[in-house]
Amino acid sequence: MRFIRYADDIVVLAKSKRAATRLLKSSRTYLENKLKLQMNAQKSKVVSAVARKHFKFLGFALGKNRNGMYIRVHPQSLTKAKRKLKELTSRSQGRNARQVMENVKVYIRGWIGYFYVADMKRILQSWNEWLRRRMRMYIWKEWKKPRTKVRNLRKLGVPEGQAYPWGNTRLGYWRIAGSAIMQRSVTNKRLVQAGYYDFPAQYERLRQLYLNG
């Protein structure tokens, strides 16, 4: 086996559990006796590379389908990222909606720049729909007063007969954000014009470069 002297995150792959156990033992002997390094006994263990719950390497995991092995983002990494996006789009932070979208753009660009080698097209499409709704919710709260909501809905093309009842509705923010009236007024195109970042498109570009390169 060949070793890198200063690496601290190493995965050793073997064809069988028996071979992996033998390699783990010999690796520990080499690291601790030859290189005088301490191996973390709790983190160093033999697991299946496709065991979603137990195998995680630098935020990634491996999957297996009829086409063979593929890279995916570990569930813990996905949960952490979505929690951060929820924090960035919290409607209680008091920032302008355009600034919120810019903050989301900065974060998601960096995150995708790291994880784009993973297969996550459907996940990002789902996140995109969820984030658009989060931004509509944020904008709805930003309008605050009913008369402001009515005025803005009318500016965005909603007839007065619909703008008035919707502007004075007592429905919750999340429900309003998913309503047809908000999708008709605060359209996907208008969100992009205001600064919303179409991150699935960035992922597709980086993914194709990776697959073709």
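1. Contacts along the chain. In this predicted model, take the contacts between residues at least 6 apart in sequence: 60% of them join residues at least 24 apart.

2. Secondary structure. The protein has ten helices and two strands. Their order along the sequence is α-β-β-α-α-α-α-α-α-α-α-α.

3. Overall dimensions. The radius of gyration of the protein is 24 Å, whereas a compact globule of 213 residues would have one near 17 Å. Along the principal axes, the C-alpha atoms fill a box of roughly 80 × 35 × 25 Å.

4. Surface and burial. Of the 213 residues, 33% count as buried; the cut-off for this is under 20% relative accessible area. The protein exposes about 14,600 Å², and carbon and sulfur atoms supply 49% of that area.

5. Charges. The protein carries 49 positive and 11 negative charges. The mean position of the positive charges and that of the negative charges lie 4 Å apart.

6. The largest nonpolar core. This core has 40 residues. Those with the most contacts inside it are Trp-111, Leu-124, Trp-127, Met-135 and Phe-199. Seven elements can be listed as giving at least two residues each: helix 2 (75-88), helix 3 (97-115), helix 4 (121-143), helix 5 (146-155), helix 8 (180-185), helix 9 (188-194) and helix 10 (199-212). Helix 4 gives the most, with nine residues. As background, nonpolar side chains tend to be buried together in soluble globular proteins.

7. Trp-111. What does Trp-111 contact, leaving aside its neighbours within four places in sequence? The list is Val-73, Ser-77, Leu-78, Ala-81, Met-120, Leu-124 and Trp-127. Leu-124 and Trp-127 are also named, like Trp-111, among the residues with the most contacts inside the largest core.

8. Met-120. This residue is found in the loop between helix 3 and helix 4. Is Met-120 buried or exposed? Met-120 has a relative accessible area of 2%, so the residue counts as buried, the cut-off being under 20%. Not counting residues up to four places away in sequence, Met-120 touches Val-73, Trp-111, Phe-115 and Tyr-203.

9. A separation to check by eye. Met-120 and Ile-176 are 56 residues apart in sequence. In space, the distance between their C-alpha atoms is 29 Å.

Conventions:
Residues numbered from 1 in each chain as written. Predicted model: local features only at pLDDT ≥ 70, side-chain atom pairs only at ≥ 80, totals over all residues. Heavy atoms only, no water. Helix = DSSP H or I, 4+ residues; strand = E, 2+ residues; numbered from the N terminus. Rg over C-alpha atoms; globule rule 2.2 N^0.38 Å. Buried < 20%, exposed > 50% of the residue type's maximum accessible area, 1.4 Å probe, protein only. Contact = heavy atoms within 4.5 Å. Areas by Shrake-Rupley, 256 points an atom, 1.4 Å probe, with all protein chains shown as cover. Lys, Arg positive; Asp, Glu negative; His and termini not counted. Charge placed at Lys NZ, Arg CZ, Asp CG, Glu CD. Core = buried A, V, L, I, M, F, W, Y, C linked by side-chain atoms within 4.5 Å.
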